[in-house]
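Here is a friendly briefing to read alongside the sequence and the model. Take a moment to turn the structure around before going through the points.

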Amino acid sequence: MKKSKRLTTVLVVILMSFGMLAEAATTTQVSDKATFAQAYEEAKMVSLAVATCAGTYVPEGKAVEYSYLSEYGFKVTPYSQKVNGVTVNFMVATNQNPYKGKKMTVMAFRGSASKDDWKLDLTTGQKPFDPKDTLNAQQKSKEINEEDTSAIPQVHKGFNAYTLAALQCKVDIDGDGIPDDISQTLLKNPDRTLLLTGHSLGGAVATLYGEYLAAQGVPKEQIPIITFGGPAVGNAAFAKTYADKVNLLRLTTSFDPVPASLQKLGGYKQFGKNQVYDLAGTYTDNQHSISYYFDLALRYFFNLEDQGITAGYLPP
């Protein structure tokens, strides 16, 4: 099926919820209506997230995904800003049409697509996680003794540098054309949800971005995080201390090497809810591309929808 046709179908299905018009991925088997409703809602958000992530790789916001988002009420703005020597690339889509009583903003961070991105990926050393870094991204972290590192929450230096740069970008998240203090805007507007998402490097940044916002008092229910093929962002102490501060859903495939890459180097640990698209190795031995996640997320959504129809939870 052609990409445009797939996008049209799924975005119409998802965006209607805002009051408007290979091997299959592993599908949750729903046993009752309440379980189905929860899984179906999550699958819709995953499909919306993966579509926005796919669009971040197209220069100047000219992705077909963005044109469809615009047609259904989203105001889409691509961002590319250089802060403290780090070039940050992400997309923000705002929607003023309430969805279940909440206004939705999506912030999607692009994965690695430049030499500068790869340099940050390869800056695998760690630094102590300090939420106060948001107040002064230039502040140098204090060095700690090597024997103490396992007990102190630490994060990937490259991912953290990117995140701190992103936090300093001037961003409009409510669609009024005026850059916002994001944490204060969310705290003053509990009716707005900020969905943080990203692929690969973008997934790591979305996770840390959410952690910084949570540390500033933003409720985790207001900043759900969905990542695709994202690497670990910190050590075991960080995972233990900060995992419950955010609602993180990690989408991975059984043959994507990136989510486990830093654990193999040592000193890193994943956290959050992990949903695995379980594929045979004959499908491909490297399932990291956003295009794989796009296809698999949509297949999962439609498989789940078929279950709901068969069970009588959804109209045929």
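In what order do the seven strands of the open sheet lie? They run E1-E2-E3-E6-E7-E8-E9, with mixed pairing. This is a predicted model, so local features need pLDDT of at least 70 and side-chain atom pairs count only at pLDDT 80 or more, while totals for chains, interfaces and linings use all residues. Residues are numbered from 1 along each chain as its sequence is written, and side-chain values use heavy atoms, leaving out hydrogens and water.

**The chain as a whole**

- The secondary structure comes to ten helices and nine strands; these are DSSP runs numbered from the N terminus, with at least four residues (H or I) for a helix and at least two (E) for a strand.
- Of the 316 residues in the chain, 51% are buried. Here buried means under 20% relative accessible area, exposed means over 50%, and partly exposed is in between, with a 1.4 Å probe and protein chains only.
- The chain exposes about 14300 Å², and carbon and sulfur atoms supply 53% of that area. Accessible areas come from the Shrake-Rupley method with a 1.4 Å probe, and for residues only the protein chains shown count as cover.

**The sheet**

- Strands of a sheet pair through backbone hydrogen bonds, either parallel or antiparallel. Two strands are taken to pair if DSSP finds at least two bridges between them.
- The edge strands are E1 and strand E9 (273-277), each pairing on one side only. From one strand to the next, the twist averages 20°.
- E2 and E3 pair in the antiparallel sense over seven bridges, and valine 92 has methionine 107 in E3 as its bridge partner.
- These two strands, E2 and E3, form a hairpin with two residues between them, and lysine 100 in the turn has a positive phi of about 55°.
- E3 and E6 pair in the parallel sense over seven bridges, with valine 106 opposite leucine 195 in E6.
- E6 also pairs in the parallel sense with strand E7 (residues 225-228), over four bridges. Glycine 198 stands opposite threonine 227 in E7.
- Helix H10 (residues 290-311) packs on the sheet and touches E6, E7, strand E8 (248-253) and E9. The direction of H10 makes about 95° with that of E9; axes are lines fitted to C-alpha atoms, for helices over the stretch in contact, and angles run from 0 to 180 degrees between N-to-C directions.

**The nonpolar cores**

- The largest nonpolar core has 45 residues, and Phe90, Met107, Phe109, Val171, Ile182, Leu196 and Leu213 touch the most other members. Such a core is a set of buried Ala, Val, Leu, Ile, Met, Phe, Trp, Tyr and Cys residues joined through side-chain atoms within 4.5 Å.
- Elements that each supply at least two residues of this core include strand E1 (74-83), strand E2 (86-99), strand E3 (102-109) and helix H5 (157-168). H7 gives the most to this core, with nine residues.
- Apart from it lies another core, of 41 residues, among them Tyr40, Ala54, Leu296 and Phe301.

**Strand E3 and alanine 108**

- E3 is mostly covered, with six of its eight residues buried.
- Alanine 108 lies in E3 and counts as buried because its relative accessible area is 0%.
- Leaving aside residues up to four places away in sequence, alanine 108 touches Thr52, Cys53, Thr56, Phe90, Met91 and Thr197; contact means heavy atoms within 4.5 Å.
- Alanine 108 and phenylalanine 90 are 18 residues apart in sequence and 5.5 Å apart in space, C-alpha to C-alpha.

- The expected span is 1.5 Å times one less than the number of residues.
- In H7, 14 of the 15 residues are buried. Glycine 217 follows H7 and has a positive phi, near 100°.
- H5, with twelve residues, reaches 17 Å from its first C-alpha to its last, close to the 16 Å expected. Its buried residues include Phe159, Tyr162 and Leu164.
- Serine 70 is found in helix H3 (residues 64-71) and counts as partly exposed because its relative accessibility is 38%.
- Serine 70 and asparagine 95 are 25 residues apart in sequence and 9.2 Å apart in space, C-alpha to C-alpha.
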